[in-house]
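Have the sequence and the model open side by side.

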Amino acid sequence: MLRSVLSACLVAQLFAAPSFAADINVGILLSATGPAAAIGNAERNGTAFGPAEIAGKKVNYLFLDEASDATAAVSALRKLHEESKIDLLIGPTTTPGSFAVIEPAVEYETPMITLAPVNALVAPIDARRRWVFKTTTNDDHEATP
């Protein structure tokens with residue numbers, strides 16, 4: 001499912017991006033360290049299954065550790081945007097980090113696929129949340145026995 005969501009977002013971004021862009025840069029912010037490292041490292045292993053090419057364009061995966069910290073997540077996103085001009089963000093691992101990077105993602109008009117499971121990240125859809133997507137189950141599914 002992540003692969004199809006990623007492909008759909010990247011193809012949509014391609015139509016909005018200038019045609020001279022040679023590569024697609026995907027920023028990946030995950031918890032490789034910190035309290036959520038067990039989850040973040042498993043998520044990082046999953047990035048190996050991402051497509052190498054979409055619509056004839058090479059896909060570059062640029063990983064930064066957000067250390068399970070919201071402030072570090074924002075700094076990492078800003079770094080990815082400024083240094084690599086990412087077209088899409090995957091992550092962060094945690095809910096606090098995901099909430100923290102919404103504002104810079106909106107500022108940069110960068111679609112974001114969060115890995116956090118909280119509905120409030122994507123709903124209700126408004127000017128900010130239209131840039132945020134999630135791949136996990138909804139809250140009511142998580143809490144139902």
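A quick word on terms: a residue is buried when its relative accessible area is under 20%, exposed when over 50%, and partly exposed in between, with a 1.4 Å probe and protein chains only. Helices (H or I, at least four residues) and strands (E, at least two) are DSSP runs, numbered from the N terminus. Keep in mind that this is a predicted model, where local features need pLDDT of at least 70 and side-chain atom pairs count only at pLDDT 80 or more, while totals for chains, interfaces and linings use all residues. Residues are numbered from 1 along each chain as its sequence is written, and side-chain values use heavy atoms, with hydrogens and water left out.

Now the overall picture. The protein has five helices and six strands, running α-β-α-β-β-α-β-α-β-β-α along the sequence. Of its 145 residues, 41% are buried. The average pLDDT (the predictor's confidence in each residue, from 0 to 100) is 87, and 83% of the residues score at least 70. Where pLDDT is low, the predicted coordinates should not be read in detail.

So let's look at H3. This helix covers residues 70–84, which makes 15 residues, and its first and last C-alpha atoms lie 21 Å apart, close to the 21 Å expected at 1.5 Å a residue (the expected span being 1.5 Å times one less than the number of residues). Its buried residues are Ala 73, Val 74, Ala 76, Leu 77, Leu 80 and His 81. They sit on the same side of H3 because they cover an arc of only 165 degrees around the axis, the arc being that of the directions from the helix axis to the C-beta atoms. On the other side of H3, Thr 71, Glu 82 and Glu 83 are exposed.

What do the buried residues of H3 pack against? Their partners are strands S1 (23–30), S3 (57–65) and S4 (88–90), plus helix H4 (95–108), with contact meaning heavy atoms within 4.5 Å. At the start of H3, a side-chain oxygen of Asp 69 comes within 3.2 Å of the backbone nitrogen of Thr 71. After H3 comes Lys 85, with a positive phi near 50 degrees.

Helix H2 (residues 37–46) buries Ala 37, Gly 40 and Glu 43. These fall within an arc of 125 degrees seen down the axis of H2, so they line one face of the helix. Ala 38 and Asn 45 are exposed on the other side of H2, while the buried residues of H2 pack against S1.

Note on methods
Polar contact = N/O pair within 3.5 Å; in protein donor to acceptor, adjacent residues only side chain to side chain.
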